[in-house]
Structure formats: structure tokens, C-alpha cells
Amino acid sequence: MYNAITRSQIFVLDQDEALDFYTNTLGMELAADIDLGFMRWLTVRVPGDPEREILLELVGPPAMDEQTAASARKLLTKGAMGGSLFLSTDDARSTFETLAERGVDVIDEPTPRPYGIDFGIRDPFGNAIRIGELFDNHDVGFAGPQA
Amino acid sequence: MLGQMISRLENDNRRLLRARDVMDRDYWRSLDIDRLADVALMSPAHFIRKFKSTFGETPHRYLQRRRVERAMYLLRTTDRSVTEICMNVGFSSLGTFSRTFTEIVGETPSSFRNRGEMPAVPICFVKAWTRPSSFGEAS
């Protein structure tokens with residue numbers, strides 16, 4: 001029935017600021033930036049992974065009426081909108097050091113887990129981003145001792 | 001600071017979230033309202049008021065729930081003693097820890113431990129979904 005997951009979406013409050021963060025700070029590349037008239041279609045992707053894109057969607061019309069958009073903006077900035085991204089890396093600690101030097105908001109620092117080593121950051125709007133160096137055989141099983 | 005399109009409320013929310021992330025990260029440390037207020041770019045009194053109105057509870061209550069959630073995780077994923085876990089998560093008294101834990105979770109730490117192993121899922125979900133939701137106010 002399906003071949004792959006090709007696009008996911010997160011809400012942002014400012015698309016120019018989002019593009020700057022996800023490319024210049026996080027290291028992704030611009031995939032598409034198209035003025036559709038009714039919305040700006042803005043996607044980014046991980047360099048070397050052309051098949052999967054993330055849509056940086058503005059909170060507002062036409063997808064939402066103004067009242068709903070205002071509620072969504074409040075929830076987003078409180079970190080309550082979901083919209084988490086999970087990224088993998090070959091070197092969690094080195095990636096963390098790079099991002100920390102660039103001033104990202106850190107939720108938690110690289111910590112060993114049963115499935116690998118991961119850490120959490122937030123984008124400027126409140127979206128959580130989890131970045132992990134996964135073990136080859138990571139699987140659901142006994143949870144390790146790390147808090 | 002977010003761009004011009006962002007309202008003052010959304011800016012406050014984002015700064016309060018930043019302070020809350022610090023509490024999450026440093027949950028075992030003593031609650032330092034001055035430091036957290038600095039992170040949120042607010043006065044201490046304003047920070048406490050805004051934190052409660054935004055997240056529904058005081059910083060102290062939030063931190064207690066965070067510590068109990070961490071204790072719940074450690075009880076089911078390690079062999080550390082209850083006393084050691086109590087200290088690991090930031091409580092200074094075993095009696096206070098046990099009483100607070102039981103009040104929130106509805107059973108003693110030892111009884112909770114006996115529920116068995118916890119599956120390994122991404123830690124962000126464990127933290128969010130195992131955090132006790134109330135101190136019994138709902139009842």
C-alpha cells in the first residue's frame with residue numbers, strides 16, 4: 001500500500017525565522033519555498049536524504065480560523081502542540097556541542113539510553129526536537145538505568 | 001526573542017517554557033526561583049504568578065511532580081534502593097519522599113516498584129506520560 005513516509009509537518013510562528021533556524025542553525029537544507037498564493041509552501045530536509053521533507057507550516061489561515069490559530073499559537077509556545085521531530089546522528093555528543101555553541105535551547109544533554117545516546121532541544125517556537133545516536137540493534141525492551 | 005509577528009503572551013509562554021526546561025533538566029537541584037526568573041526574563045514574583053497561570057501549578061508543585069516522575073522511572077528500571085532514589089531525585093528526607101510519592105501516585109514506592117519492568121521507549125514520552133497528573137486535587 002505505501003512506499004515511504006515522505007513529508008511530516010510542524011507548526012511555526014514565523015517562516016523566515018524557521019527557515020533560518022532549521023538551515024543555518026540545525027544544518028538542514030531548503031527543499032522547497034513556493035508561494036502558492038494562499039500559503040507559503042516551505043520545506044526543509046536532511047542533506048543526503050532527499051526523499052523526506054519537513055513542512056514548516058505557519059499557524060493561521062487558510063488551515064485555521066483566527067480564533068483557533070490564536071489558541072494553537074499559545075499551545076505551541078507552551079510546548080504543548082506535539083509536533084516533535086526525531087532525528088538520528090552518527091555522533092550525538094559532537095552534534096550536541098555544535099548546536100550548543102550555536103545557542104539552541106537545550107531540554108536535556110546527551111544521555112545513554114537503552115536505545116542509544118540522545119538529547120533534546122527546542123526550536124524558537126517551542127517545538128521539541130530529539131536527536132539520537134541509535135544503537136544498531138535498538139529495540140523496545142528493558143529500560144536502562146538513566147534518568 | 002521571536003519576531004515581530006509574535007504577541008507578548010506568546011513571548012512570555014516561550015520564556016516560561018525555557019525556564020521549565022531548566023527545571024526538567026536540573027530536577028534534582030534545589031528550586032532556585034531567582035535563577036529561573038532570570039531565564040524567563042521576569043521578576044521572581046511575576047515569574048511565579050505567570051508560571052502558575054500558564055502551566056496550571058506553581059514552580060514548586062511542578063518540580064515535586066517532576067521528581068516523583070523520575071523516581072517512578074528509577075524504581076522500575078534500576079536496583080537502587082528507595083533511599084538512594086529519594087536522594088537521587090532531590091528529596092532530602094526519606095519520610096517526605098515516601099509520603100509525597102504515596103500521596104501522588106496512590107501507592108508506596110516499594111509497591112510501585114513491584115509492578116515490574118518498564119519498556120524502553122523514547123525518553124521524552126516516558127517523561128511526559130508517566131508524570132503523575134495531580135496531587136489529588138481532582139478528587
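This is a predicted model: local features need pLDDT of at least 70, side-chain atom pairs count only at pLDDT 80 or more; totals for chains, interfaces and linings use all residues.
Val44(A) sits across from Ile54(A), a residue of strand S4(A).

Strand S3 of chain A covers residues 40-45 and pairs with S4(A) in the antiparallel sense, over 2 bridges. On S4(A) there is also strand S1 (residues 7-12) of chain A: these two run parallel, and 6 bridges join S1 to S4, the latter spanning residues 53-58. Here are some of the facing pairs, each with its partner in S4(A):

| Residue | Residue in S4(A) |
|---|---|
| Arg7(A) | Glu53(A) |
| Phe11(A) | Glu57(A) |
| Val44(A) | Ile54(A) |

Step back, and what order do the strands of the open sheet take? In chain A the 4 strands go S1-S4-S3-S2, with mixed pairing. The edges belong to S1 and to strand S2 (29-35) of chain A; each has a single partner strand, so one side of each is left with no neighbour in the sheet. From one strand to the next, the twist averages 25°.

**Chain B, built from helices**

Chain B is another story. Its secondary structure amounts to 8 helices and 0 strands, and reading from the N terminus the elements go α-α-α-α-α-α-α-α. Chain B has 139 residues, and 29% of them count as buried. Take the contacts in chain B between residues at least 6 apart in sequence: 59% of these join residues at least 24 apart.

**A look at helix H6(B)**

Helix H6 of chain B takes in residues 94-105, which makes 12 residues. From first C-alpha to last, H6 of chain B reaches 16 Å, close to the 16 Å expected at 1.5 Å a residue.

Which residues of H6(B) are buried? They are Phe97(B), Phe101(B) and Ile104(B). Looking down the axis of H6(B), you find the buried residues within an arc of 75°, so they line one face of the helix. And what covers these buried residues of H6(B)? The cover includes three helices of chain B, namely H4 (59-77), H5 (82-88) and H7 (109-113).

Just past the end of H6(B) comes Gly106(B), with a positive phi of about 95°.

Conventions:
Residues are numbered from 1 along each chain as its sequence is written. Chains are lettered from A and ligands numbered from 1 in the order in which they are written. The expected span of a helix is 1.5 Å times one less than its number of residues. A residue is buried if 20 or more other C-beta atoms lie within 10 Å of its own, exposed if 12 or fewer, and partly exposed in between; C-beta atoms are placed from the backbone. The arc is that of the directions from the helix axis to the C-beta atoms. Two residues are in contact if their C-beta atoms, placed from the backbone, lie within 7 Å. Two strands pair if DSSP finds at least two bridges between them. Axes are lines fitted to C-alpha atoms, for helices over the stretch in contact, and angles run from 0 to 180 degrees between N-to-C directions.
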